[in-house]
Amino acid sequence: MSDSSPDRPAAPVLDVWCELQCPDCRSSLDDLRALRARYGDRLELRLRHFPLEKHKHAFAAAQAAEEALEQGKGWEYVEAVLGRVEELDRKGEPFLIEVARELGLDAEEFDIALIDGRHILIVDADQAEGKAIGVTGTPTYVIDGERLDGGKSQDGLRARIEEIADRLLAYGTGA
């Protein structure tokens, strides 16, 4: 899931390997908000799905996030679900549809998307790519080819991301 638009010049990309049932990913929200506030459109934040087997609703949540993106509220949906990880644990897929409804999205379309699996290929592709580059847990960040594991600790990661982003922006590099 990407914040980019085709009309915008290339910006450095921060891939955020995330899982919507992950308490550590919830902890990373403040850092992600701070990065979006600091850089705006100058840094592309791209949600990459990495549902973990230990969380039984994570795969459905990843599909739901893609449906939210399609309906125009991807990050808003991600933040709403991550902010209530315990409810997702307890309620499962009905919770995903409840959040969609709360955000004014087409909840019926969410339900259909979870049934017909229209976003499964995106989630599967993200997960396969993550495994290929060594992602083992969430959150994991990748910027300018450097992988930063936030599953162990968030300490210092935002500063390292900012250091890399500032360098890339100073040199006008978009990758």
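Visitor: Buried or exposed: which is Tyr-39?
Guide: The model is predicted: local features need pLDDT of at least 70, side-chain atom pairs count only at pLDDT 80 or more, and totals for chains, interfaces and linings use all residues. Residues are numbered from 1 along each chain as its sequence is written, and side-chain values use heavy atoms, without hydrogens and water. Tyr-39 has a relative accessible area of 3%. The cut-offs are under 20% for buried, over 50% for exposed and partly exposed in between (1.4 Å probe, protein chains only), so Tyr-39 is buried.

Visitor: Which residues does Tyr-39 touch, not counting those up to four places away in sequence?
Guide: Tyr-39 sits in helix H2. Helices (H or I, at least four residues) and strands (E, at least two) are DSSP runs, numbered from the N terminus. Contact means heavy atoms within 4.5 Å. Beyond its sequence neighbours, Tyr-39 touches Glu-162, Ala-165, Asp-166 and Leu-169.

Visitor: How are H2 and H4 oriented to each other?
Guide: Axes are lines fitted to C-alpha atoms, for helices over the stretch in contact, and angles run from 0 to 180 degrees between N-to-C directions. The H2 (residues 29–39) and H4 axes come within 11 Å and cross at roughly 155 degrees. Angles under 35 degrees count as roughly parallel, over 145 as roughly antiparallel, 65 to 115 as roughly perpendicular and the rest as oblique. H2 and H4 are therefore roughly antiparallel.

Visitor: Which residues of H4 meet H2?
Guide: On the H2 side are Leu-29, Leu-32, Arg-33 and Arg-36. By class, this contact has four nonpolar, no polar and three charged residues. Ala, Val, Leu, Ile, Met, Phe, Trp, Tyr, Cys and Pro count as nonpolar, Asp, Glu, Lys and Arg as charged, and the others, Gly among them, as polar. The H4 partners are Trp-75, Glu-79 and Leu-82.

Visitor: How many of the nine residues of H4 are buried?
Guide: H4 is mostly covered. Its buried residues include Trp-75, Tyr-77, Val-78 and Glu-79. The count of buried residues in H4 is eight.

Visitor: How are H3 and H7 oriented to each other?
Guide: Helix H3 (residues 58–70) packs on helix H7 (residues 107–116) with axes 10 Å apart. The angle is about 130 degrees. H3 and H7 are therefore oblique.

Visitor: Which residues of H7 make the contact with H3?
Guide: H3 contributes Ala-60, Gln-63, Ala-64, Glu-67 and Ala-68. The contact has six nonpolar, one polar and two charged residues. The H7 side is Glu-109, Phe-110, Ala-113 and Leu-114.

Visitor: Which residues does Gly-83 touch, not counting those up to four places away in sequence?
Guide: Gly-83 lies in the loop between H4 and helix H5 (85–91). At 41% relative accessibility, Gly-83 is partly exposed. Its contacts beyond the sequence neighbours are Arg-26 and Leu-29.

Visitor: What phi does Asp-144 have?
Guide: Most residues other than glycine have a negative phi. Asp-144 lies in the loop between E3 and strand E4 (146–149), and is partly exposed at 35%. Although Asp-144 is not a glycine, its phi is positive, about 50 degrees.

Visitor: What is omega for the peptide bond joining Thr-138 and Pro-139?
Guide: Pro-139 is in the loop between helix H8 (120–132) and strand E3 (140–143). Most peptide bonds are trans. The bond from Thr-138 to Pro-139 is cis, with omega at about -5 degrees.
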